Amino acid sequence: MLPDPNNTADHSPSVPVRVARFLPALLVFAGAVVLTDPLVLIILLIGAALMMTAVCSGIGFAMDGRFARSIARRGLACLLALTLFTVFIATLLAVP
């Protein structure tokens, strides 16, 4: 079946829209650069989750209607996976 040219769901977003989806992650990373708090790791994990959501959206995995919903679905899953990985690595480093 051929895609319907009148259906806006079949059209991918423009390049500026795709690039704009990276801005939240870049702003979080920029904020983490100026902080010296030991809890900056949490901010970096959130930034990585936002970046993964933007990458998924940019390569066409944006199945949700809005970017905020994609953050809630994909970003939360990525944040959970990165957090578990961080805890695992910290445990390996802490146990002699």
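**Helix α3 and its neighbours**

Q: Which residues in α2 meet which in α3?
A: On the α2 side they are P24, A25, L26, V28, F29 and A32, and these meet V40, I43, L44, G47, A48, L50 and M51 in α3. Contact here means heavy atoms within 4.5 Å. Helices are DSSP runs (H or I, at least four residues), as strands are (E, at least two), numbered from the N terminus.

Q: How many of those residues are nonpolar, polar or charged?
A: The contact of α2 with α3 has 12 nonpolar residues, one polar and no charged. Nonpolar covers Ala, Val, Leu, Ile, Met, Phe, Trp, Tyr, Cys and Pro; charged covers Asp, Glu, Lys and Arg; the others, Gly among them, are polar.

Q: What sort of model is this?
A: This is a predicted model, where local features need pLDDT of at least 70 and side-chain atom pairs count only at pLDDT 80 or more, while totals for chains, interfaces and linings use all residues. Residues are numbered from 1 along each chain as its sequence is written, and side-chain values use heavy atoms, with hydrogens and water left out.

Q: At what angle do α2 and α3 cross?
A: Roughly 165°, with the axes of α2 (residues 23-34) and α3 (residues 40-58) coming within 8 Å. Axes are lines fitted to C-alpha atoms, for helices over the stretch in contact, and angles run from 0 to 180 degrees between N-to-C directions. The two helices are therefore roughly antiparallel. Angles under 35 degrees count as roughly parallel, over 145 as roughly antiparallel, 65 to 115 as roughly perpendicular and the rest as oblique.

Q: And α3 with α4, at what angle?
A: The axes of α3 and α4 (residues 67-94) cross at roughly 130° and come within 8 Å. That makes α3 oblique to α4.

Q: What classes of residue are in that contact?
A: The contact of α3 with α4 has 14 nonpolar, six polar and one charged residues.

Q: Switching to T53: buried or exposed?
A: T53, in helix α3, is buried, because its relative accessibility is 0%. Buried means under 20% relative accessible area, exposed over 50%, and partly exposed in between (1.4 Å probe, protein chains only).

Q: What is T53 in contact with?
A: Setting aside neighbours within four places in sequence, T53 contacts F67, S70, I71, R74 and G75.

Q: Where is A54, and what does A54 touch?
A: A54 is also in α3, and has a relative accessible area of 0%, so A54 is buried. Not counting residues up to four places away in sequence, A54 touches R21, F22 and F67.
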